[in-house]
Amino acid sequence: MKIKKYISKVIILFTILMIFCTVPVSASNYKDTVFDFYFKTAAGGSTTTELREKQDDSSAYMKCEKTTFPYVAKVAGTQSVFDYYYDVSDGHHYTFDSGTVYKMINYVYENNFKYAVIYAKRVYSYNYAANGLWSPDSI
């Protein structure tokens, strides 16, 4: 009988501890931000999103809602607004057309960069626009 009471108390204690103990969860920077690209012939046909803080080692996310022609994109990393953008895509480049969605492999966080940016280059030699949503982290 004593063993049953002891086991019951241990189970109750364990249950109480589970209720009051929480596991800290790191919130990643996965909220979508609008991007608007305009690929100009005179500017070499490339553009970037704004910088956003990279908070974990997940893939970046990009959804192209509308584009006249396709574009190719990859993820770059940097320490600040004034620093050079470093290619951290490890060769993972993605072609976007209207309606395309990718979780983009990158190594921003693993290479200790603070910010992520998506670098995009036009496929055709025309001036054209593209827009959609992106985030440096994904769920």
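Colleague: Is Thr-33 buried, partly exposed or exposed?

Modeller: Buried means under 20% relative accessible area, exposed over 50%, and partly exposed in between, with a 1.4 Å probe and protein chains only. Thr-33 counts as partly exposed because its relative accessibility is 21%. This is a predicted model, where local features need pLDDT of at least 70, side-chain atom pairs count only at pLDDT 80 or more, and totals for chains, interfaces and linings use all residues. Residues are numbered from 1 along each chain as its sequence is written, and side-chain values use heavy atoms, with hydrogens and water left out.

Colleague: Which side chain has a polar contact with that of Thr-33?

Modeller: A polar contact is a pair of N or O atoms within 3.5 Å; within protein, one must be able to donate a hydrogen and the other to accept it, and residues adjacent in sequence count only if both atoms are side-chain atoms. The side chain of Arg-52 makes one with Thr-33, at 2.7 Å.

Colleague: Over the face of which residue does Arg-52 lie?

Modeller: A charge sits over a ring if NZ of Lys or CZ of Arg is within 6 Å of the ring centre and within 35 degrees of the ring normal. For Arg-52 the ring belongs to Trp-134, with 5.5 Å to the ring centre.

Colleague: How many aromatic pairs are there in the whole structure?

Modeller: Rings of Phe, Tyr and Trp (its six-membered ring) pair if their centres lie within 6.5 Å; planes under 30 degrees apart count as stacked, over 60 as edge-to-face and the rest as tilted. The search finds 14. Among them is the edge-to-face pair of Phe-37 and Phe-39, 5.7 Å centre to centre with 65° between the planes. Phe-37 and Phe-39 are both buried.
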